[in-house]
Amino acid sequence: MQKKLPGINIEKPDLSVEIAGIKMNNPIMIASGTFGYGTEFSEVEGFSHDEVGAIVLKGTTLNKTRGNPIPRIAEVDCGIINSIGLQNPGIDFVLKNYIPKLRQYKTKIILNIAGYSEDEYKEIAKRINDVNGVHGIEVNISCPNIKEGGMQFCLDPKMTFRVIEKIRGETKLPLIVKLSPNVTDIVQIAKAAIEGGADALSLINTVTAMAIDTKTKRPKLGANFGGLSGPAIKPIAIHKIFQTYQYISQYVKDKKIPLIGIGGIESADDIIEFILAGANAVQIGTSTMIYKTTIEQIISDIANRLSELNEKKINNLVGKVILNT
Amino acid sequence: MLAGATAVAVGTANFVNPYSTIDIINGIESFMEKNNIIDVKELIGGLRC
């Protein structure tokens, strides 16, 4: 049902979207690793968890992980390079201590999981079952910042298929697979993830990167290199979403696989750009650290942009880029 | 060069500033003077991880 704006005789555009059965009020999700476990941001004045469609929690592994040496973030032109190394308290701690605190919010909670082996991914998925308050799983098969595991799964279609199939066997929760841009052909990995049982795909993860301090001749990151995020990678992400969307709309007939766009988003216009390329929803990460604008502002801007485009439902714009011939 | 390059090519910056290559060459010279580097080749692969 569409609400009318007070005092204005136009219909408020419908911003609701559904990703693999996860119903969200709007297409804006918070990207994993930029929001901790959701409890920290409850202390930020003027921020409300319920403004966003969903929150993707920090990448969680089976066991507690200490992470990489500091510094873990380096600022570069139009973005940041990070190498956190999956620091997290382990799945049991997260399920016991953070998830119960997040149940009070209306927003959807998606747990991002990472592992060093197929069995580890499988075991984490198993432990999430029957936990009230987790609405979906995002599988990180593409973390550039760990020596073994993570990255390798996303580099090879066969390994992607096998790990996703194993996770699928353990869970009925909506399964989102997060893809890496650091591959020759992202479509091959997308295909393998879909065949393995993914309900949705999110892309892109960070782009491998390095920055060097010329005075000390040392890398700016403690782990020497890491992953680039922020506006610098937005056009890369737009292209990957476009390629993946084209593949899915042409070759995946029996199942509709929604896409979640990630990469340098900081305005309503960025979001609409991703949606036109083929995304059903988006994740915002790095820009929440800059705080140029608020999520509330972005949401009201999207509504205005939709009115300008004479579009009542945001869903109608998915993949509607008009290509030059 | 610290990362391993022997030379570099300047592209997009020429669109923004036609003098960019000249500015960059002057910039390397002053970097070398400041850091007591006599031969630019000293920089190649000079990164310390």
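Chain B contains two helices and zero strands. The model is predicted, and the values below are computed from it. Along the principal axes, the C-alpha atoms of chain B fill a box of roughly 35 × 20 × 15 Å. Of the 49 residues in chain B, 10% are buried. The chain exposes about 3,800 Å², of which carbon and sulfur atoms supply 60%.

A nonpolar patch lies on the surface of chain B, formed by B:Val8, B:Val10, B:Ile24 and B:Ile28. Together these residues have about 290 Å² of accessible area. One of them, B:Val8, is located in the segment before helix 1 (13–16) of chain B. B:Val8 counts as exposed because its relative accessibility is 61%, and the cut-off for that class is over 50%.

Chain A holds a closed barrel of eight strands with parallel pairing, in the order 3-4-7-8-9-10-15-16. On average, neighbouring strands of this sheet are turned by 25 degrees against each other, direction ignored. A:Ile262 has A:Gln283 as its bridge partner in strand 16 of chain A.

Helices of chain A pack against this sheet. Helix 2 (residues 118–128) of chain A touches strand 7 (108–113) and strand 8 (136–140) of chain A, and the direction of the helix makes about 155 degrees with that of strand 7 of chain A. Helix 9 (residues 295–308) of chain A lies across strand 3 (28–30) and strand 16 of chain A, at about 160 degrees to strand 3 of chain A.

Chain A also has an open sheet of four strands, ordered 5-6-14-11, in which the pairing is antiparallel. Its edge strands are strand 5 (73–76) and strand 11 (207–209) of chain A, each of which pairs on one side only. From one strand to the next, the twist averages 35 degrees. In general, strands of a sheet pair through backbone hydrogen bonds, either parallel or antiparallel.

| Strand pair (chain A) | Direction | Bridges | Partner residues |
|---|---|---|---|
| Strand 5 (73–76) and strand 6 (79–82) | antiparallel | four bridges | A:Ile73 and A:Asn82 |

Definitions and conventions:
Residues numbered from 1 in each chain as written. Chains lettered and ligands numbered in written order. Predicted model: local features only at pLDDT ≥ 70, side-chain atom pairs only at ≥ 80, totals over all residues. Heavy atoms only, no water. Patch = residues over 30% accessible without salt bridge, like charges linked within 9 Å, V, L, I, M, F, W, Y side chains within 5 Å. Areas by Shrake-Rupley, 256 points an atom, 1.4 Å probe, with all protein chains shown as cover. Salt bridge = Lys/Arg side-chain N within 4 Å of Asp/Glu carboxyl O. Buried < 20%, exposed > 50% of the residue type's maximum accessible area, 1.4 Å probe, protein only. Pairing = 2+ DSSP bridges. Axes fitted to C-alpha atoms, helices over the stretch in contact; angles between N-to-C directions. Contact = heavy atoms within 4.5 Å.
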